[in-house]
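Dear colleague,

I am handing over the structure that we spoke about, and I would be glad if you looked it over before reading my notes.

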Amino acid sequence: ARALALTVALGLAACARPPGPVDLSGTWPAQVDDYAAANQAWTRRATLRADFSLTLEVYATFHAPPWHAARAAREARLRGGPTEAITTAARTAADGDLEFALVVTTHDRAENDLDRGDRSVWRLALVDANGAEVAPIEIVRDKRPDAVLRAELPAFGDFAVAYRVRFPRSPGLLGPGVRQLTLKMWSNAGAVALRWDGR
């Protein structure tokens, strides 16, 4: 029993390891990862607590070129092609605005309102390695069926809301030599930062 408990504990510890560095060059990958592995590699989690209560939990998945490549490969496999058309569409999306999928859970469900723009209690900014902040150009609630959201966003739960957030592709956010990218989210309750470290 003790050996089994130790094995379970070690397994949980292994699962809890933070994601490693990723490719922030902004280029299409030479080798395409498995979609589940890519989704995990490009997802970050942060929590905010106040008075011992969980105020905010947010998962952010960055749709960087390697993520788009992995998703295109999965879609082509599921659909049985046309691989070239799917890959071309994915590369076009990867070259455009920077997109993030957010899964947000708040203690007060009325405060889960990122899609209200300036009326939201929350603010978002993408921060480059030099500290320059870039505001989002669009935040929309992802209204796809729950079954689809659960399949694409493993962290999506009963009390969560999914969002799509777009930022302009400003210099310094992605490119050769970029070593860090941070997504900040804050309100009067406090702030969280989700960081992707480059290789």
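Predicted model: local features only at pLDDT ≥ 70, side-chain atom pairs only at ≥ 80, totals over all residues.

Residues are numbered from 1 along each chain as its sequence is written, and side-chain values use heavy atoms, with hydrogens and water left out.

The protein has five helices and nine strands (DSSP runs numbered from the N terminus, helices being H or I with at least four residues and strands E with at least two), and their order along the sequence is α-α-β-β-α-α-β-β-β-β-α-β-β-β. The radius of gyration, taken over C-alpha atoms, is 18 Å, close to the 16 Å of the globule rule for 199 residues, so the protein is as compact as a globular protein of that length; the rule is 2.2 Å times the number of residues to the power 0.38.

Of the 199 residues, 40% count as buried, meaning under 20% relative accessible area with a 1.4 Å probe and protein chains only.

Turning to the strands, which pair if DSSP finds at least two bridges between them, E4 (residues 123–128) runs antiparallel to E8 (residues 180–187) and is joined to E8 by six bridges, with Val127 opposite Thr182. E8 also pairs with E9 (residues 190–197) in the antiparallel sense, over eight bridges, and here Lys184 stands opposite Ala193. The hairpin that joins E8 to E9 passes through two residues.

Terms used: Buried < 20%, exposed > 50% of the residue type's maximum accessible area, 1.4 Å probe, protein only.
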